[in-house]
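Okay, thanks for having me, everyone. Let me put the thing up on the screen and then talk you through a few spots.

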Number of protein chains: 2
Amino acid sequence: MTEPQRYTIAGLEAFLESALLAGGADVPSANAAIRAMMHASIIGVDSHGVRLLPYYLGVLASGEVNGHPQIEVSHGAGSTAVLDADGAIGHYACYRAMEVAVDIARGQGVGAVTIKHMSHMGAAGAYAKWAAEQGFIGMLVANSDAAVRLFDGRDAFHGTSPIAIGAPVPGQRPWLMDMATSAIPQNRVLLYRSLGLTLPQNVAVDEKGLHTTDPHAARTLSPVGGEQGYKGAALAGLVEILSSPLTGMSLSTELVPMYGKPSTGAPRDMGGFALAINPAAFIGTEVYGAIITRYLANIRAAVPAEGATGQPMAPGDREWKVEDERRVKGVPVDPDSEKAFAELAEKYGLTLPAKA
Amino acid sequence: MTEPQRYTIAGLEAFLESALLAGGADVPSANAAIRAMMHASIIGVDSHGVRLLPYYLGVLASGEVNGHPQIEVSHGAGSTAVLDADGAIGHYACYRAMEVAVDIARGQGVGAVTIKHMSHMGAAGAYAKWAAEQGFIGMLVANSDAAVRLFDGRDAFHGTSPIAIGAPVPGQRPWLMDMATSAIPQNRVLLYRSLGLTLPQNVAVDEKGLHTTDPHAARTLSPVGGEQGYKGAALAGLVEILSSPLTGMSLSTELVPMYGKPSTGAPRDMGGFALAINPAAFIGTEVYGAIITRYLANIRAAVPAEGATGQPMAPGDREWKVEDERRVKGVPVDPDSEKAFAELAEKYGLTLPAKA
């Protein structure tokens, strides 16, 4: 495998902006999508980064995503709100939902917002990270079209059902967990096809439900946990319950697929859920800050196991290392995406991003 | 391995009650402990069931658990409360915390309660199940003394850090997930020692951090997820953040151990967190109920993978099957616990539970 070409962050941002605006997104939609895609690309979650630009342009063009949405927020009982995204690109819907959740939690201690009628929102960690940067513990979940089997099941049943949670740490980048409840993200299977890599063991099955490491034979992902895959499936169930029964939106099995057939323009009507918790409303920020600081220091000082690949890390630490490197050296872009970018530049008359 | 002797549910309840009252628990503490232990024993979570009675009597006797606690609830901003358990047995603290969370969520849509100064609370699912039975999505987490290594780590760092979530299903027993974020519960290691069973692969390590299947050599549990064990460790981190930094209580590494040395009488000062979400405050119970009913029906009708051990199940389904059987045939008790029960009966002059 060849080392992919790197591009500057500013160059990618400018390219994304010109492409999204040319492709029919309004400024708030484009800004949110750029923030979230660049979050992913800068911290190394390439599966959810700039490589998804052609997908988003496709669904904007078909009308599946509404490029000029009128997002409506209805405040309900005490600490709740319902956000109707009006078919918005998921990034815009999720940043707005988390803003509302944080606003509520500022006064009420907790804020919970269900999200209706949105589309794919990329890396869920973007929104949890933003909440943590405001001083709140933030959680964001959303379902997506079925790609992951049940434990003991053969066929796709749940979305990759990410759970993203961020927690503030005084003077540091947040504790940030952003995990697919599948054993591997679906977008990584596509990325591995493009890069010619082999999948890890026990992360995907073929059409009979038998394990495979060939990304081209992989038909359905397995839930995280291996022999304890019922735990991954239960976590996916949590995401599903908060995203569908609690919002009134479709179950994963009922959603318009993200890939695999041309977009018909029918909205995906995805659901999601944002929660914010204000540490000041419980123990106070000083005690909270002191303990979480001690906790992270303990993780980073823990003794490695014999044969471990490295020093134990806190959730996010691996990503912050990548961020530090990419902010200096630029963001690598895989060959398939480079080709797609060149086609987009041709189609819309755009300037390609600057190489790093 | 011999089939363990079974006892009647009423007989076990009567025995637990007489033992706990003789051992220094007040009636509310005893009642909560009985409810939670019997929840676990009836659904087959034997590691957290009646076999823990001798442990609870030991910590009541030493003063580590306060048998006559004055639990105080301080309502904070909008949807929050802080519960000071005054050293109560964890079952009492957790049922109270979930009651408060549900009460808040009834009016505010969401209720969040931090729990301070409690002790071991058994199976976290007991409290989530209760919330679901009231019509709320309930979550309960609590940390505990370190028993699980970090991903790449050698030594115990997090508690088994259970995450329990229950969701109501109209006319059915709830969707109920109660998962240790370790690959196996610590109590199951002890149970397997008693029963002479071998551990599964990749669930525990020895003193060097190398995997072992011998429950006697197992020194530290691994986080759930195998090669994706960083996900299990992150989930444990979520439990830790909600239980310690958010409550002001100790980190798992700082807690008085549950086992391994005689109780000194020092309180364990564990923390925990209860959350309740009211579906009526978002989409309404009718739509919620219809979708979750459809969701569970889909799970139970899903096609099994080739080589699967059985029909895919929803979280809780395995437990409800065990419940149906045990309500008829009685609850099996492992030999070590039978011996301990006989010693307790001798010590306190109790009647042994009736055999089924």
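I'll start with chain A overall, then move to some details in chains A and B.

Quick housekeeping: this is a predicted model, where local features need pLDDT of at least 70 and side-chain atom pairs count only at pLDDT 80 or more, while totals for chains, interfaces and linings use all residues. Residues are numbered from 1 along each chain as its sequence is written, chains are lettered from A and ligands numbered from 1 in the order in which they are written, and side-chain values use heavy atoms, with hydrogens and water left out.

So, chain A. It has ten helices and 13 strands; those are DSSP runs numbered from the N terminus, helices being H or I with at least four residues and strands being E with at least two. Its radius of gyration is 20 Å, close to the 21 Å from the globule rule for 356 residues, so chain A is as compact as a globular protein of that length. For that, the radius is taken over C-alpha atoms, and the rule is 2.2 Å times the number of residues to the power 0.38. Along the principal axes, the C-alpha atoms fill a box of roughly 55 × 55 × 45 Å.

How much of chain A is buried? Of the 356 residues, 60% are, where buried means under 20% relative accessible area, exposed means over 50%, and partly exposed is in between, with a 1.4 Å probe and protein chains only. Chain A exposes about 12600 Å², and carbon and sulfur atoms supply 50% of that; the areas are Shrake-Rupley with a 1.4 Å probe, and for residues only the protein chains shown count as cover. Take the contacts in chain A with a separation of 6 or more: 68% of them are between residues 24 or more positions apart. Contact here means heavy atoms within 4.5 Å.

Now zoom in on helix α3 of chain A, residues 53-62. Its buried residues are Leu53(A), Tyr55(A), Tyr56(A), Leu57(A), Val59(A) and Leu60(A), and they pack against α1, α2, α4 and α10 of chain A.

Next, Pro332(A), which sits in strand β13, residues 331-333. Pro332(A) is buried, at 14% relative accessible area. Asp46(A) is 286 residues away from Pro332(A) in sequence, yet their C-alpha atoms are 8.6 Å apart. Leaving aside neighbours within four places in sequence, Pro332(A) is in contact with Pro4(A), Gln5(A), Arg6(A), Asp46(A) and Arg326(A).

Over to chain B. Helices α2(B), residues 27-43, and α5(B), residues 125-133, pack at about 95° with their axes 9 Å apart. That makes α2(B) roughly perpendicular to α5(B). On the α2(B) side you've got Arg35(B), Ala36(B) and His39(B), meeting Gly125(B), Ala126(B), Tyr127(B), Lys129(B) and Trp130(B) in α5(B). Axes are lines fitted to C-alpha atoms, for helices over the stretch in contact, with angles from 0 to 180 degrees between N-to-C directions; under 35 degrees is roughly parallel, over 145 roughly antiparallel, 65 to 115 roughly perpendicular, and the rest oblique.

Last stop: is Glu207(B) buried or exposed? Exposed, at 57% relative accessibility. Glu207(B) is in the loop between β10 and β11 of chain B, and beyond its neighbours within four places in sequence it is in contact with Arg154(B) and Arg219(B). Thr220(B), in strand β11 of chain B, counts as buried at 2%.
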